[in-house]
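Have the structure open as you read.

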Amino acid sequence: MNSRKQSYRLRPILATLLAPLLAAIVASAASGQQCAVKPVSIPLGQTIRLRCSVAAATARMNGRTVRLFKQTDGDWQGLMPVAVADKPGTYPIEFLAEDGTTLSSLNLTIRKTIFPSQNVVLAPQIEALHSTTEEMQTLTTFRDSVSDIKYWDDPLVPPLPGCVISPFGVKRLHNGKPTGEFHAGVDQRASEGTPIRAVAGGIVKIVQPFNVLGGTAAIDHGQGLETMYLHMSKLNVELGAHVNKGDIIGYVGATGRANGPHLHWVIYVNGVPVNPQQWVTLKPCATAKNKP
Ligand SMILES: [Zn+2]
């Protein structure tokens, strides 16, 4: 009896003590300490790392929703791409639980980014190459799939040591005519037959020749990360194979719409092409560097 009376008396005292504590917990959740984004300011065409210490199922920003996955260290992680065509500005990234409740909201600043133009000289029969409907469908299916198992880990390795002839994001002209397209990957200099290596572990999802892309291999690294390698002279993997980081998947060529042997490769983050030079260190070619 006595103890109950005491507990009644204790209640307002406890409430007084707990109120600031609860307020602090709510404030820390609101300030996003359960989740983090890295970096918080980014150019167009780059990738943001998302991490939560609580069970976040998805994150959304500016109409784009990506999944987060539980990692072996107990955290939930995901990758948010910023497309080349996104509008610079400050946007909230909202983290949502499985039931749709908002766990956290953090601001991301997308910086104004200038991409230079680059003309590519192509022979008429090469310029005339076009993708078929089936080819487009194969690529769309690959880009749209996000698989649960993570086969990749940091850091990724460059597919070959050659310097960058053409960086990601440049506005492309073909024989002086604007294509209205941007360069969705990087071109690395390499001679015909140079081995091309998987930048990370994964499952081979495409191995075939395409009209425009030439000899192509595409790898699903899991949890929203994918890569694709084009213009190969020879393919060295089979569909469905599991590859490890550094495995030779093919050899440099000039197949498809290419004006000479080189490797064009692409990183897709949740279906959006992003700048591979945020993921791996590549040196620019001297000629590209000296261009105005
Ligand atoms: Zn290219």
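Of the 292 residues in the protein chain, 44% are buried, where buried means under 20% relative accessible area, exposed over 50%, and partly exposed in between (1.4 Å probe, protein chains only). Bear in mind that this is a predicted model: local features need pLDDT of at least 70, side-chain atom pairs count only at pLDDT 80 or more, and totals for chains, interfaces and linings use all residues. Residues are numbered from 1 along each chain as its sequence is written, and side-chain values use heavy atoms, with hydrogens and water left out.

**Overall make-up**

Contact here means heavy atoms within 4.5 Å. Among the contacts in the protein chain with a separation of 6 or more, 66% are between residues 24 or more positions apart. The accessible surface of the protein chain is about 15,000 Å², and 57% of that belongs to carbon and sulfur atoms (Shrake-Rupley method, 1.4 Å probe; for residues, only the protein chains shown count as cover).

**Disulfides**

How many disulfides does the rule give? It gives two, taking a disulfide as a pair of cysteine sulfur atoms within 2.5 Å. Here they are side by side:

| Disulfide | S to S distance | S-S torsion |
|---|---|---|
| C35 and C52 | 2.0 Å | about 110 degrees |
| C163 and C285 | 1.9 Å | about 95 degrees |

With its torsion of about 110 degrees, the C35 and C52 disulfide is right-handed. This pair links distant parts of the chain, with C35 in strand β1 (residues 35-38) and C52 in strand β3 (residues 47-52), 17 residues apart. C35 is buried at a relative accessible area of 3%, and C52 is buried at 1%.

The torsion of about 95 degrees makes the C163 and C285 disulfide right-handed. That pair links distant parts of the chain, 122 residues apart: C163 sits in the loop between α3 (133-144) and β11 (164-166), and C285 in the loop between β23 (272-274) and α4 (286-290). Both C163 and C285 are buried. Counting bonded cysteines along the chain, the pattern is 1-2, 3-4.

**The largest pocket**

The largest pocket has a volume of about 1,200 Å³. On a 1 Å grid over the protein atoms alone, a pocket is an open set of points where a 1.4 Å probe fits, with protein on both sides within 12 Å along at least five of seven lines; lining residues have an atom within 4 Å of a point. Grid points are joined across faces, edges and corners, and the volume is the space filled by probe spheres set on the points.

Which residues lie nearest the centre of the largest pocket? Out of 37 lining residues, they are E181, V212, L213, R257 and H264. Elements giving two or more residues to the lining include α3, β13 (177-182) and β22 (262-269).

**Two residues up close**

L213 is in the loop between β16 (202-210) and β17, and is buried at 15% relative accessibility. Leaving out residues up to four places away in sequence, L213 touches L139, M228, L230, H231, T255 and G256.

G222 lies in strand β17 (residues 214-222) and is buried at 0% relative accessibility. Its C-alpha atom is 5.1 Å from that of S147, 75 residues apart along the chain.

Technical notes:
Helix = DSSP H or I, 4+ residues; strand = E, 2+ residues; numbered from the N terminus.
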